[in-house]
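The stops below are given in order of selection.

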Amino acid sequence: MSSTLQRLTSSYAKHLPLAEDACKFLTASPDPFHAVAECVKKLEQAGFRALQNKAAFTGNLEAGGKYYYTVHQSTLVAFTVGQKYVPGQGGFHVIGGHTDSPNLKVKPRSLKPPKNGCIMLGVECYGGGLWNTWFDRDLGISGKILVRSPDGKIESKLVNITDPVARVSNLCIHLQSGEERKAFKVNKEDHTSPILATEAEMKKVLEESTEEQLNKTEDSWKSQQEPLLLQLIAEKLGIPVEQIADFELNLYDTQGAALGGVAKEFLYSARLDNLATVFVAMEAILAHTKDGLADDEDIKVVVFFDHEEVGSDSSHGAGSPVIEEAIRRISAGLGSGADSPDLYAQTINKSFILSIDQAHAVHPNYAGKHEATHAPKMNAGLVIKTNQNQRYATNGVTGFVLRELARMGSLPIQEFCVRNDCPCGSTIGPTISTRTGVRTVDAGMPQLSMHSCREVMGTMDLTHGVELFKTFFKRFRELDEKMDF
Ligand SMILES: [Zn+2]
């Protein structure tokens with residue numbers, strides 16, 4: 001007779017291969033650039049063709065094709081064209097998410113004067129992080145580097161310094177007053193600078209060295225950068241420091257994603273909001289290309305935007321022209337006359353967007369924060385988010401569509417609606433539905449610790465997500481044809 005633990009463990013076992021893949025993806029994606037690059041690897045392996053943003057789509061698209069393109073390397077659009085797609089008759093079935101998460105970004109001038117024997121890095125808080133969770137973590141540095149090659153070209157390269165080279169330390173409890181102990185307050189300017197090294201030994205090394213000191217460089221940009229940071233990057237990329245022209249870098253927790261709980265029912269990781277969605281949506285579109293394209297009459301899209309955490313207003317955030325431009329360019333590229341207002345409106349009205357962002361599971365220690373009848377639980381299915389004040393894009397019809405798809409796929413679904421006395425977050429949903437006029441529902445997988453340096457969700461909800469998204473791709477048209485309004 002097996003124990004309860006053994007039985008519990010075995011009921012989660014079938015979800016583990018997917019969860020382990022999710023761990024690999026999350027660990028390999030410490031920032032939006034790496035997240036997009038990881039997706040691109042998967043797309044290329046599955047035979048998706050790269051489109052060039054700067055070149056025409058017209059003449060490069062065909063029915064049955066699979067394509068992708070990136071915008072500024074941190075926003076990604078990937079899509080498939082059904083074999084039976086007829087211009088004007090097919091719609092865009094879109095799953096949208098975001099690639100960014102709150103983190104510490106390196107400031108344009110990373111050099112700080114050494115302070116009390118410590119060499120520190122200038123950083124800026126990006127998004128609404130729970131900054132207290134960034135203290136006492138072993139931090140790596142990753143992002144994008146612009147490299148000046150000897151032939152005068154400027155190349156963009158990704159860098160990931162996976163060693164824990166930086167750390168933001170807590171003040172010990174002994175030096176805190178009673179008041180300070182009660183309220184852990186972070187001053188984002190004064191308290192978040194990470195320590196990279198100590199000064200004493202470095203002074204000796206510099207005195208003994210005959211090398212030209214880096215911060216004596218003629219290059220005014222380089223003279224404002226922390227030399228140790230530039231040397232770390234140069235070493236990692238195998239290039240001389242002189243070739244580093246600029247960067248966009250952030251810090252991240254080097255602890256990789258892991259499965260936990262007594263039966264491995266939890267996924268612990270940074271950036272679940274919203275890379276868990278990116279992972280699940282990718283699984284769904286890759287699965288669709290395996291068996292769904294032959295009978296498909298529509299365009300299936302996954303789009304992952306940067307800059308959601310800071311309000312989506314940027315050249316490639318959800319508030320940018322990216323989504324509308326994608327619909328217009330892909331339609332035009334397939335000869336559906338996107339320049340005809342009538343055909344374009346027809347396409348828009350046949351389209352549907354799942355705006356997917358992580359949802360707030362009820363926290364057992366803070367259960368009062370949820371309204372009891374709208375309190376989603378982990379491992380119990382995707383959550384439809386509704387807010388009549390339009391912080392979420394869901395309405396009666398679009399919510400019904402997702403509930404109905406869940407019924408069609410025999411999948412659990414949960415509901416979230418914030419308490420009337422509590423502020424409500426938002427997502428890309430209201431932004432992209434406003435920009436395009438496409439019917440949109442907001443939903444997501446439930447998690448705890450949102451915007452912490454380390455978050456948690458249920459492993460079974462990854463399966464729920466993949467299955468629901470696959471059902472959306474496979475059966476949305478069938479459902480839409482039943483709705484004559
Ligand atoms: Zn999010």
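The tour passes from the domains to their interface and then to the cysteines.

This is a predicted model, in which local features need pLDDT of at least 70 and side-chain atom pairs count only at pLDDT 80 or more, while totals for chains, interfaces and linings use all residues. Residues are numbered from 1 along each chain as its sequence is written, and side-chain values use heavy atoms, with hydrogens and water left out.

Domain 1 and domain 2 each contribute 20 residues to the contact (heavy atoms within 4.5 Å).

Next, display the interface. About 1600 Å² is buried between domain 1 and domain 2, with 56% of it on carbon and sulfur atoms; this is the accessible area (1.4 Å probe) lost by the two parts on being put together, summed over both. How many salt bridges cross the interface of domain 1 and domain 2? The rule finds 0, requiring a side-chain nitrogen of Lys or Arg within 4 Å of a carboxyl oxygen of Asp or Glu.

Finally, select the cysteines. The structure holds 0 disulfides (cysteine sulfur atoms within 2.5 Å). For Cys-39, the nearest cysteine sulfur belongs to Cys-23, 16 Å away. Cys-39 has 1% relative accessibility and so counts as buried (under 20% relative accessible area, with exposed over 50% and partly exposed in between; 1.4 Å probe, protein chains only). At Cys-417, the nearest cysteine sulfur is that of Cys-424, 8.0 Å away. Cys-417 counts as partly exposed because its relative accessibility is 28%.
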